[in-house]
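This report walks through one protein–RNA model. Please keep the sequence and the coordinates open while reading.

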Amino acid sequence: MIKTRFAPSPTGYLHVGSLRTALYCYLFAKKNKGKFILRIEDTDQERFVEGAVENLLSTLSWVGLNYDEGLMEDGKEVGENGPYIQSKRKNIHLENAQKLIDSGHAYRCFCSKERLTKMREIQAKNKQAPMYDRKCLDLPESEINAKLSSGEPYVIRQRMPYDSIRFKDIIRGNMQFDGKTIDDQILVKSDGFPTYHLANVVDDHLMEITHVIRGEEWLPSTPKHIALYQAFGWDVPEFAHLPLLLNPDKTKLSKRQGHVAVEEYIKEGYLKEAVINFVAFLGWNPGSGEQREIFTLKELEKIFELKKVHKSGAVFNIEKLDWFNWQWHKKKFNEEMTVLAKELDKNVEITNRGFDFSNQEAEEAFLLKKGKKLKKYAAGFIPKEYENTPELLTRALSMLDEKILKNKKETAKNLAFFFNYPEYSKELLTNKKMKVDLNQAYISLSESLKDIKKIEDWTLQNLKESLFETVKRLDVKNGQVFWPLRAALSGMQFSPGVFETAWALGKEESLSRIAQALKKLQ
RNA sequence: GGCGCCAUCGUCUAUCGGCUAGGACGCUGCCCUCUCACGGCGGAAAGAGGGGUUCGAUUCCCCUUGGCGCUACCA
């Protein structure tokens with residue numbers, strides 16, 4: 001049975017790079033009908049951050065990466081190989097460290113940090129690789145006991161075998177490291193806690209992890225881990241080292257160059273589907289000429305292959321994330337709107353341009369419901385004062401679906417003109433390209449005003465009919481009527497279309513704005 | 001400095017030795033159109049360099065160059 005694990009350390013938040021690691025671990029396990037487990041690696045007491053574990057778990061659950069074993073959100077642990085919080089496994093680690101001392105694969109080191117620093121300085125000066133000089137390797141038993149009983153602090157170091165170590169990485173193929181260049185790793189710190197290296201190996205073994213999938217930054221320490229497995233006499237798991245996620249300048253993705261915490265993206269309103277989809281494609285691709293890019297988690301579970309993960313790092317390109325987000329927003333919203341439209345009108349026709357309703361009532365009801373839905377989507381980006389006229393707000397929002405779905409942060413900006421008629425010069429009502437001069441604008445506005453005044457039922461349909469009638473009567477091009485009218489209604493160079501704008505504003509306000517525009521032209 | 005990893009458009013990538021090097025993001029032209037947007041159709045844009053192997057290399061090997069990672073009593 002294949003078993004993978006995601007083993008984050010709770011240092012504050014879930015990093016997007018970690019999210020991808022977790023995703024790949026999850027996908028690989030799912031694809032192979034294996035198990036995915038979560039272990040908290042909190043052996044570094046100095047870096048402990050309050051609330052970090054909770055944060056990690058809730059973020060993981062937000063994206064939907066469920067695990068079969070590990071610490072659950074309610075604080076309970078699930079699985080037979082617990083505890084899944086590393087600090088609770090301290091004794092297990094220490095027992096195993098002792099075994100290593102007994103078998104000669106590890107030794108106590110009493111060197112002070114000062115001595116070690118000095119030693120490294122000298123080595124650096126001599127252009128040597130900084131490595132522990134094994135001063136404490138062959139300390140006589142009597143001396144060790146004396147130091148121990150006098151309470152001198154010590155660490156436990158792994159005695160590296162100095163043989164060259166080879167292994168096969170699933171992603172990178174054959175790896176080889178010269179054993180002589182590998183430092184005697186500290187296994188247990190002087191505070192009595194194990195380091196990552198010991199704890200990770202012991203726990204992975206005890207938890208029966210078959211595939212260690214982790215970031216490339218661990219590649220150089222993999223030989224140390226393999227040496228440990230061998231020292232213990234344990235089976236060595238398979239390794240897969242994932243390429244790094246990069247900043248635009250190609251350095252390891254960091255906080256300094258943009259958002260790196262998954263929760264930031266949640267806060268910004270990114271959809272989990274988009275985040276997962278985007279992150280899955282950073283460093284992996286279904287290959288075989290597949291050109292589709294939009295995939296659900298479920299679909300990814302079926303097609304994911306570790307062997308197709310790349311070797312080189314991938315730049316985290318926020319613009320592409322935005323595109324994925326937009327695709328997903330659109331997809332989900334359209335699905336919801338289709339359901340809604342069918343509910344309201346059994347005979348609605350779905351065209352690639354939108355919905356054709358069989359009756360006006362259905363369309364009007366649809367628009368209002370759509371507006372309300374969008375209000376929820378853009379929650380937090382709508383100024384409070386707009387809530388004072390909720391009907392206007394709903395109608396206005398219903399016309400801004402694409403803009404809101406694309407970037408809800410600009411909702412207030414897009415909404416403003418509906419609520420406050422902007423100041424503008426009469427030139428806005430003209431358009432050279434469309435052959436609308438001041439005179440034409442005056443004619444178009446006064447004639448269309450005359451027509452729409454007669455509309456009793458202020459519906460989108462009626463507005464369209466009425467205004468096309470105006471165009472026909474004046475015998476001009478659509479734009480010659482619609483441009484000045486849209487400009488007059490919105491007071492803006494860019495806005496939703498005429499019909500939509502007029503409909504949203506309502507009859508009274510529309511007539512008033514047209515009248516005000518006409519005044520400018522007199 | 002030492003050790004290691006990596007190398008196709010600006011970015012994410014396809015290619016299992018035959019390539020007029022494909023797609024996506026971004027950029028851009030045109031069309032649609034009452035503006036913006038959406039949508040549709042195009043365009044510019046890539047195999048780091050040098051050696052091999054081969055009838056033929058982006059693809060396999062070597063070197064160079066470049067980039068990155070690790071080099072803590074952090075993970």
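Of the atoms of RNA strand B within 4 Å of the protein, what percentage belong to sugar or phosphate, and what do the rest belong to? Sugar or phosphate accounts for 76%, and bases supply the rest.

## Basis of the model

This is a predicted model, in which local features need pLDDT of at least 70, side-chain atom pairs count only at pLDDT 80 or more, and totals for chains, interfaces and linings use all residues. Residues are numbered from 1 along each chain as its sequence is written, chains are lettered from A and ligands numbered from 1 in the order in which they are written, and side-chain values use heavy atoms, with hydrogens and water left out.

## The surface around RNA strand B

RNA strand B is surrounded by 69 residues. Here a residue is near the strand if one of its heavy atoms lies within 4 Å of it. The closest are Lys189, Gly283, Arg353, Lys403 and Ser495. By class, this surface has 25 nonpolar, 22 polar and 22 charged residues. Nonpolar covers Ala, Val, Leu, Ile, Met, Phe, Trp, Tyr, Cys and Pro; charged covers Asp, Glu, Lys and Arg; the others, Gly among them, are polar.

Several elements each supply at least two residues of the surface. Among them are α4 (113-125), β8 (173-177), α11 (318-344), α14 (401-406), α18 (478-490) and α19 (498-505). Helices (H or I, at least four residues) and strands (E, at least two) are DSSP runs, numbered from the N terminus.

## Helix α19

Helix α19 belongs to the RNA-facing set. It is also mostly covered, with 7 of its 8 residues buried. Buried means under 20% relative accessible area, exposed over 50%, and partly exposed in between (1.4 Å probe, protein chains only). The buried residues of α19 are Val498, Phe499, Thr501, Ala502, Trp503, Ala504 and Leu505.

The cover over these residues includes α12 (360-377), α13 (390-398), α15 (411-419), α17 (460-474), α18 and α20 (507-521). Contact here means heavy atoms within 4.5 Å. Gly506 follows α19, and its phi is positive, near 90 degrees.

## Salt bridges

The whole structure holds 32 salt bridges. Each is a side-chain nitrogen of Lys or Arg within 4 Å of a carboxyl oxygen of Asp or Glu. Lys76 pairs with Asp74 at 4.0 Å, N to O. Lys76 is exposed at 57% relative accessibility, and Asp74 is exposed at 55%. Lys180 pairs with Asp178, with the closest N and O atoms 3.9 Å apart. Lys180 is exposed at 53%, while Asp178 is partly exposed at 37%.

Lys88 and Glu77 meet at 3.3 Å, N to O. Lys88 lies in the loop between β4 (77-78) and α3 (90-102) and Glu77 in β4, so this pair ties together parts 11 residues apart in sequence. Lys88 is exposed at 55%; Glu77 is partly exposed at 28%.

Gln86 is placed in the loop between β4 and α3. Gln86 is buried, at 1% relative accessibility. Its side chain makes a polar contact with the side chain of Glu41 at 3.2 Å. Leaving out residues up to four places away in sequence, Gln86 touches Arg39, Ile40, Glu41, Asp42, Thr43, His93, Ala199, Asn200 and Asp203.

Glu41 is also part of a salt-bridge network, with Arg5, Arg39, Arg89, Asp203 and Asp204.

## Cysteines

The structure holds 0 disulfides, a disulfide being a pair of cysteine sulfur atoms within 2.5 Å. Cys109 is in none; its nearest cysteine sulfur, that of Cys111, is 3.8 Å away. Cys109 is buried at 2% relative accessible area. For Cys111, the closest cysteine sulfur is in Cys136, at 3.5 Å, too far for a bond. Cys111 is buried at 15%.

How values were computed: Polar contact = N/O pair within 3.5 Å; in protein donor to acceptor, adjacent residues only side chain to side chain.
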